[in-house]
Amino acid sequence: MPQRITALTDPEPGASSRRLAWLASDDEGVPLGSAFLRLFTRTGQEHLAELELAVHLSERRQGVGTRLLEAAAAAARAQGRRSVLAQAEDGSPADLFLAARGFRRVLALTYARLSLDEADLERIDGIVARPHGDYRLVEWDGTVPDQLAAGFAASRRAMDDMPMDGTDYGTVVWDVDRVVAAAAAVAERGELLHTVAVSTADGTIVGFSELVVPGDGRGDAQHYGTGVLPEHRGHGLGLWMKARSVRRARERHPALGGLLTDTADSNTHMRAVNDTLGYLPTHKAVEYQLDL
């Protein structure tokens, strides 16, 4: 079947990336599939691109995906990228497709969900109420308050050593402008960002846990990240923050159904936190990497 690959450009680059796109169609213009290539532009990740590729179920095994991949890989090379990441559900056709086309498995992920109707809130309340020495919880909605912005941005290095196994992810460099821009992006989508952080007695932020809630307060919310600075680990702060995040979500959004999280299988500490709070696995995914 004749195929045409049409290159497109996303007209609105983001604060940390820009996208290229391709549409595959037949000789009558009927869409067959698409590919989106996200080119990271922030310092520390200029070497990296991320691919999302989809082919209509009835059009698979006809070379559509391969042609889209070739176009995206060529563009990544032309843009000076050395690595392309792509994710697929474990055992899915996309998993098999990527493995057969030069991508290698670099990270295994487990997705999990906590049903708020079934959560043991009394037990979670006990975790929140447990004293943690001179540490204290700090919370805010949306953009971080001005007086906490610099400290919050500095605390983001807690994610620098997050287990990424063989992924060539680079180092995400955070400053106040990026923290503010990330919160603004969530707000522009009509979603709500809730942050729970931990500070020392002198007000220094040493950890954080972010949760993004749908704008109508229904459905499922998504955890965006939980991290504690290396020098403050071993005190149960990650569990403390995430437990408070669960309780806050229940209090503020009574119609919310559940909370979603994804964790690298090698991140045994955060997997234990999720297990303690009652999160149940829903599915597994694989992060693939194409080395250019």
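Leaving aside its neighbours within four places in sequence, with which residues is L37 in contact? Before I answer, two remarks on the source. This is a predicted model, in which local features need pLDDT of at least 70 and side-chain atom pairs count only at pLDDT 80 or more, while totals for chains, interfaces and linings use all residues. Residues are numbered from 1 along each chain as its sequence is written, and side-chain values use heavy atoms, with hydrogens and water left out.

Now to the answer. With neighbours within four places in sequence set aside, L37 is in contact with R18, R19, L20, W22, A49, E50, L51, A72, A75, A76 and V84. Contact here means heavy atoms within 4.5 Å.

Let me place that residue among the strands. Helices (H or I, at least four residues) and strands (E, at least two) are DSSP runs, numbered from the N terminus. Two strands are said to pair if DSSP finds at least two bridges between them. Strand β2, residues 17–26, and strand β3, residues 31–40, are paired in the antiparallel sense over 9 bridges, and R18 stands opposite L39 in β3. The hairpin of β2 and β3 has 4 residues between the strands, and there G29 adopts a positive phi near 85 degrees. On to the next pairing: β3 and strand β4, residues 48–55, run antiparallel and are joined by 7 bridges. L37 itself stands opposite L51 in β4.

What is the order of the strands in the sheet? It is an open sheet of 12 strands with mixed pairing, in the order β1-β2-β3-β4-β5-β12-β6-β11-β10-β9-β8-β7. Its edge strands, each pairing on one side only, are β1 (3–9) and β7 (136–141). From one strand to the next, the twist averages 25 degrees.

I turn to the helices. Axes are lines fitted to C-alpha atoms, for helices over the stretch in contact, and angles run from 0 to 180 degrees between N-to-C directions. Helix α1 lies across β1, β2, β3, β4, β5 (83–89) and β12 (280–291), and runs at about 165 degrees to β4. Helix α6, residues 237–252, lies across β6 (104–115), β7, β8, β9 (205–213), β10 (219–228) and β11 (256–264), at about 145 degrees to β8.

The expected span of a helix is 1.5 Å times one less than its number of residues. For the 15 residues of α1, residues 64–78, that gives 21 Å, and the end C-alpha atoms are 21 Å apart, in agreement. Which residues of α1 are buried? They are V64, G65, L68, L69, A72, A73, A75 and A76, where buried means under 20% relative accessible area, exposed over 50%, and partly exposed in between (1.4 Å probe, protein chains only). These residues cover an arc of only 160 degrees around the axis, and therefore lie on the same side of α1; the arc is that of the directions from the helix axis to the C-beta atoms. After α1 comes G80, with a positive phi near 75 degrees.

In helix α3, residues 121–129, the buried residues include L121, I124, I127 and V128. Their arc is only 110 degrees, so they share the same side of α3. E122 and A129, on the other side of α3, are exposed. The buried residues of α3 pack against α6 and α7 (268–277).

Next, the cores. A nonpolar core is a set of buried Ala, Val, Leu, Ile, Met, Phe, Trp, Tyr and Cys residues joined through side-chain atoms within 4.5 Å. The largest has 26 residues, of which W22, L37, L51, L68, V84, L98 and F103 touch the most other members. Its largest share, 7 residues, comes from α1. A second, separate core of 21 residues includes A119, M270, V273 and Y279.

Finally, two loop residues. R61, in the loop between β4 and α1, has a positive phi near 65 degrees although it is a residue other than glycine. R61 is exposed, with a relative accessible area of 87%. D134 is in the loop between α3 and β7. D134 and T200 are 66 residues apart in sequence, yet 6.1 Å apart in space, C-alpha to C-alpha.
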